[in-house]
Structure formats: structure tokens, C-alpha cells
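Please read the points below alongside the model.

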Amino acid sequence: MNEVVIFAPTEGILKKAKNIIAKNKYDNVKAVYGNIHDDISSTDKYVTKDTRVIISRGGSYNYYKERFNIPAIEIRVDVYDVIDCYNKLGNTDESIGIIGFTNVIYGFDMINHFIKNKITNIAIQDREEIHNAIKTAMENGINTFMGDTTVRLLSGIHNFHGSVIESREENINVAVNEALLVLSVIKNEERIRSQTEAITDFIHDGIITVDKNMKVTVFNKEAERLLDLRKEEVLGKNIANIFDNIDISDVLESGNPITAKIMTVMNKQMITNFIPIDVNGEILGVVISFIAASEVSVMDHEIRRSLAKHGFVAKYQFKDIIYKSRKMEKCIQTAKQYAQYDTPILVCGKSGVGKEMLCQSIHNLSFRSKGPFVAVNCAAIPSTLFESELFGYEDGAFTGARKNGKAGMFEIAHNGTIFLDEISEIPLEFQGRLLRVLQEKQIMRIGGDKVIPVDVKIICATNKNLDELVNQGKFRDDLFFRINTLNLFIPSLDERREDILILAEYFIKKYSKKYKKQEIEMTERVKDILTAKKYKGNIRELQGMMERCVILNSFDTVTEPEENSPADAGKLSSGEDFTDLHAMTQQYIEKVYLSTNCSTKATCDILKIDRTTLWKRLKKTT
């Protein structure tokens with residue numbers, strides 16, 4: 001691995017350099033012959049991607065330093081090298097011309113006052129000057145020359161006597177040690193830069209660091225993505241030459257940071273921060289961080305959602321709604337039209353008709369389908385908690401408040417849909433604030449002092465007549481008019497009897513699969529009974545009936561309702577006619593429990609109660 005390459009301009013220097021490498025067992029240093037008077041381009045192959053430092057002398061040093069954009073170390077010429085060169089001429093009284101590149105022949109000035117010969121310095125800057133300089137000197141009577149490898153090249157051509165300066169092994173060794181020191185510094189800087197890049201590339205903000213000379217030193221991957229630039233295009237360049245509107249001079253001079261500045265960078269709106277790099281009171285540069293303004297709202301939404309424990313995903317789509325009736329088809333077609341608009345929707349219908357399922361379907365067909373669907377049952381929230389649940393609160397807003405506060409349902413629903421079920425149950429004292437949120441699209445947490453913008457689609461549902469509640473003063477008319485821009489009525493199951501049997505079949509298949517039971521087949525009598533029955537609980541009631549039938553593997557509860565009806569539960573065992581509703585209910589619970597072979601889960605599923613309620617009821621009989 002050629003981390004350090006020595007280009008020796010003479011065979012003598014090459015031999016000494018190889019001797020130094022062998023003696024010190026350097027496995028990362030290579031010495032090769034390289035002289036500008038020869039085919040020097042053939043030596044380029046020795047400079048590889050691993051090469052960090054080059055070493056040479058005289059004109060060759062100047063050539064390689066300019067050709068390769070890596071550090072170069074020069075083999076210095078000292079007084080001893082000059083004396084050795086002079087002694088090679090022998091005893092002569094002739095005038096001596098000192099010819100060569102400036103960085104070599106300057107050393108001959110050291111012995112000018114020690115020798116008797118007249119010295120003429122002939123400094124050259126370019127190879128093209130050599131021949132004319134020699135001719136002029138010889139015309140002036142100079143026939144003896146000393147200097148760099150230029151002397152060797154021209155002595156045969158112009159027939160003059162000359163001596164070439166060589167470098168002692170000590171000076172070559174000094175250059176090698178200096179190169180290895182530079183290599184160590186470079187590697188340390190690369191290690192620090194790699195660590196910095198690993199850290200900055202992990203950050204989701206664009207990061208640019210600039211040194212005190214305005215040169216870009218770090219340009220992370222996010223900066224490449226946001227600005228559509230490769231770091232190779234900007235590293236080492238003056239930031240003012242890359243971005244015409246980024247000025248860090250004030251930060252460098254004052255040491256004061258600039259935060260949350262909105263500016264246009266590469267035709268994109270960015271939120272930027274300029275943070276000075278302060279080391280012991282000295283400003284060594286500036287760190288610039290930025291993020292696209294368009295992505296802030298997306299991140300804000302992700303943060304809001306992370307505050308919630310649930311995913312708030314709408315599971316149902318219109319294709320999941322089971323129906324056959326013309327009334328339901330018309331209802332769904334209207335709902336699909338409403339889904340294309342961001343206007344508030346009021347869904348009306350009796351309990352159990354499937355209002356939430358329809359509302360989830362509307363959300364999934366809207367342009368907000370990738371956002372959250374937050375369902376709020378207004379009747380289930382105690383009035384004392386209503387405000388904090390919907391609008392959230394800050395840390396320490398009240399006794400028992402969570403540390404770091406809590407996001408309200410409106411915040412969580414940002415960029416999505418909020419479904420306010422049983423909207424009629426919202427306490428009157430909070431209806432005014434809800435109206436303001438719907439109109440202004442912003443909320444303020446309890447105990448907070450910042451306004452938080454929220455962008456949500458509003459869908460409300462009720463099983464009550466809001467017109468009557470408005471007339472009774474139990475519901476604000478301005479809120480009613482706000483949420484009733486688009487209204488949708490879901491017909492009850494009694495109004496769409498064509499749907500009863502296909503829904504019954506669907507539920508039988510669903511629960512047979514759930515409980516791993518063989519599907520039971522509906523007889524014509526069962527079908528007649530189901531289609532003739534009145535459903536106060538609508539689809540929810542039919543669903544519960546079919547689940548019970550699957551569990552019991554029988555339609556007896558459909559064909560013989562008098563033996564299982566809560567209304568007649570008093571006649572199930574003793575034949576007595578109980579007038580105590582509580583006793584009748586208790587007896588019915590016991591009957592269902594026994595019919596499921598004392599299965600707690602099956603009993604709770606049929607009765608739609610939790611385990612605690614069931615055990616409390618059963619305990620009363622023991």
C-alpha cells in the first residue's frame with residue numbers, strides 16, 4: 001500500500017531512499033525514479049487511491065505538488081549538499097554558473113563567500129527556459145555549471161563541465177519522517193471525519209459544517225438529499241460560492257446562534273439553524289442544520305401519533321358493508337360522494353345500524369386515508385374529563401396529570417379524520433369550545449399557552465333527533481348548523497328487510513370460523529322468522545342472535561324465543577309469572593350460562609357483558 005511515495009529525481013537519491021525504507025522496514029512507503037526531464041507522466045501510476053503524501057525535490061517536487069491534490073514534502077538542500085557538489089568540480093578558477101529551479105539553487109548562496117570562483121545564479125521557473133539560459137551564460141564566458149538535474153541533462157548537449165547536487169541520506173530521512181508525521185495527522189483527521197459523518201448521516205436534519213475560512217467540511221447524506229448535491233461537489237469549497245443567500249459571517253463574528261430561520265435554499269423552503277463552533281472562546285466555524293418546511297408537518301404528525309398508544313386505523317371499507325337493499329345502496333352512493341369532500345358530515349341512524357363502519361369507509365375513500373381515524377364516543381367520556389380528552393393538557397395542568405402532558409384526540413387526528421360518535425351527548429358547556437375548534441382549526445391544551453393548528457375532517461354521528469334537542473335548548477343551534485353541512489341517514493334494519501338474510505348468513509360464516517364450528521344451515525322457517533322479526537337493536541341485535549345460534553349449534557333461540565326471552569325469563573324454570581325484572585334477568589343469565597356448558601367466554605359473548613359483571617351476577621345465586 002503506497003501511502004507515501006518518494007519520487008527521486010536522481011539515481012543516487014533513489015538508492016538512498018530505498019535504503020531508508022529497507023532499514024526502517026516501512027511497508028507503506030515506496031521510492032521510484034521521477035524526474036521532470038524524463039517521461040514523468042509514466043510515474044503517475046504509483047499515486048493510487050491509498051496515497052496520502054508524496055516526497056520529491058526541485059522541479060520534480062513542484063510538478064508533483066501541482067499535479068496531485070495531496071500534501072507534498074520537499075527534500076531540502078543544505079550547505080553540506082552544496083559543498084559536496086562544489087568539491088566534485090575539482091580545483092578550478094573558472095567562473096561557475098549555478099543553474100536550476102529556485103528551490104534547489106538557493107542553497108549555493110551559503111558558500112558564495114567561502115570560494116574564490118565567481119558565482120552567477122541562473123534561476124529558472126520552467127523547463128522551457130533552460131536552453132536559452134545556458135546559451136546566454138556560455139556566451140558570457142561561463143563553461144562550468146553546478147545545480148540540480150538540469151546540469152546533467154544539458155552538459156552533453158551544450159558541451160560544458162558540470163556537477164549535479166545530490167541529497168544526503170540524512171535529508172531524505174528527514175523528509176520521510178515529516179511525511180509520516182503528516183500521514184498520521186491525515187489519518188487522525190479522516191478517523192474523526194468518519195466518526196462525524198457516521199453521526200451526522202444518522203441525523204434526520206441536513207447538516208453542513210463550515211470552518212472559519214468559510215470552507216465546507218461536513219455535508220451529510222440528508223443535506224445531499226434535500227439540496228440535490230453530492231458532497232464531493234461542495235467539500236472544501238467556499239460556502240458563499242455554493243449558496244448565494246447563506247451568509248455565516250455574522251455568526252462567525254458575533255458567536256450568536258440563529259435558530260428557526262425560514263429561508264429559501266436551492267428553491268426549497270427550509271427551516272434553518274446556524275450554531276457557532278465555540279472552542280475556548282474562539283469561533284472555529286458554524287454548524288448549519290436545516291429541514292424542508294414541507295416535511296415539518298409530516299414529522300409533527302408522526303410525533304403526535306407517537307404520543308398515543310393506539311394506531312387509530314380505520315379497518316373498514318365500503319366493500320366490507322353487507323347489503324342488498326336499494327335503500328342501503330343509495331345511502332352508500334351518497335356516502336362515497338361525501339368522501340371526496342372535506343366538509344363536515346352528520347350521520348344519523350338508530351343504534352346498531354353500523355354508523356362507525358360507514359364512517360370508517362368514508363375516511364378510507366377520502367384523500368385523508370393515510371392519516372389517522374380517531375373515533376370518540378362522546379357518551380363514554382365523563383364531563384369532568386371531556387375537555388382534557390379532546391384537547392389535551394400540559395405537564396402539571398392539574399393534579400394527576402401525566403408527566404410531559406398528553407395530546408388530545410384532535411391533535412392525534414391531525415391530517416386525518418375525527419369521528420365524534422353520539423355527538424348529542426357532549427355537555428352543553430363544552431359545545432361552544434368545540435364549535436370554535438371546528439371553525440378556527442386550532443386548539444390550546446389545558447394549562448398551555450400555545451395555539452396548536454389541527455387539520456382534521458369532522459364526521460359526527462347520532463341516534464337522536466338533534467333538531468328536537470336544539471328546540472329544547474340541549475344542543476347549540478350554531479354547532480348543529482356547523483356539523484350538518486352534509487347529512488346522511490342510515491336506514492334501520494326494519495326498513496331494509498332485504499338485507500336481513502344475507503347479513504345472517506355472513507354472521508353465521510364469521511362465527512363458525514371464529515369458534516371452529518361447522519356452519520349451521522337456516523331452514524325456511526328460520527328465514528321466515530328472521531325476516532318477520534322486529535329488530536330494535538338493528539344489525540347489532542341480529543349479529544348477537546347469529547353468534548348465539550352458532551355457539552349453541554341450533555336455531556332454537558330463534559324458533560322458540562319464548563323459552564329464551566329475557567321478557568319471559570320467569571317462566572323458564574318454574575312456570576311462575578315473575579313481575580320482578582331483576583329476578584327475570586338474573587334467571588335468564590343463569591339459563592344462558594348453563595346452555596353454554598358453563599363457558600364464561602361464550603356467555604359473555606352472547607350477553608355482551610364483561611367477565612366481572614357475569615361473576616357478580618352468578619355469585620348472587622350461590
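1. On a 1 Å grid over the protein atoms alone, a cavity is a set of points where a 1.4 Å probe fits but cannot get out, and a pocket is an open set with protein on both sides within 12 Å along at least five of seven lines; lining residues have an atom within 4 Å of a point. Grid points are joined across faces, edges and corners, and a volume is the space filled by probe spheres set on the points. By this rule there are 4 cavities of 30 Å³ or more.

2. The model is predicted: local features need pLDDT of at least 70, side-chain atom pairs count only at pLDDT 80 or more, and totals for chains, interfaces and linings use all residues. Residues are numbered from 1 along each chain as its sequence is written, and side-chain values use heavy atoms, with hydrogens and water left out. The pLDDT is the predictor's confidence in each residue, from 0 to 100. Its mean for the protein is 84, and 87% of the residues reach 70 or more. Residues 566–579 have pLDDT below 50, and this stretch has 24 contacts (heavy atoms within 4.5 Å) beyond near neighbours in sequence.

3. What volume does the second largest cavity have? It holds about 50 Å³ of space. Elements here are DSSP runs numbered from the N terminus: helices (H or I, at least four residues) and strands (E, at least two). Those that give two or more residues to the lining of this cavity are α7 (169–202), β10 (216–219) and α8 (221–227). The most, 3 residues, come from α7. Among the lining residues are Glu-197, Asp-201, Phe-219 and Lys-231. By class, the lining has 3 nonpolar, 2 polar and 5 charged residues. Here Ala, Val, Leu, Ile, Met, Phe, Trp, Tyr, Cys and Pro count as nonpolar, Asp, Glu, Lys and Arg as charged, and the others, Gly among them, as polar.

4. The largest pocket has about 800 Å³ of space. It is lined by 31 residues, and the closest to its centre are Gly-354, Lys-355, Met-357, Arg-540 and Gln-543. Two or more lining residues come from each of α13 (355–365), β15 (373–377), β18 (417–421), α19 (500–514) and α21 (538–552). The largest share is from α13, with 5 residues. The lining divides into 15 nonpolar, 7 polar and 9 charged residues.

5. Is strand β21 enclosed or open? Of its 6 residues (457–462), 6 are buried (under 20% relative accessible area, with a 1.4 Å probe and protein chains only), so β21 is largely enclosed by the rest of the structure. In a regular strand the side chains alternate between the two faces of the sheet. In β21, Lys-457, Ile-459 and Ala-461 point one way, and Ile-458, Cys-460 and Thr-462 point the other way.

6. Two strands pair if DSSP finds at least two bridges between them. Strand β14 (residues 345–348) runs parallel to β21, joined by 4 bridges, and Cys-348 has Thr-462 as its bridge partner. Likewise, β18 and β21 run parallel with 4 bridges, and Thr-417 is partnered by Lys-457.

7. Two residues other than glycine have a positive phi: Lys-25, at about 55°, and Asn-267, near 65°. Lys-25 is in the loop between α1 (11–24) and β2 (29–33), and is exposed (over 50%) at 74% relative accessible area. Asn-267 is in the loop between β11 (258–265) and β12 (268–279), and is exposed at 78%.
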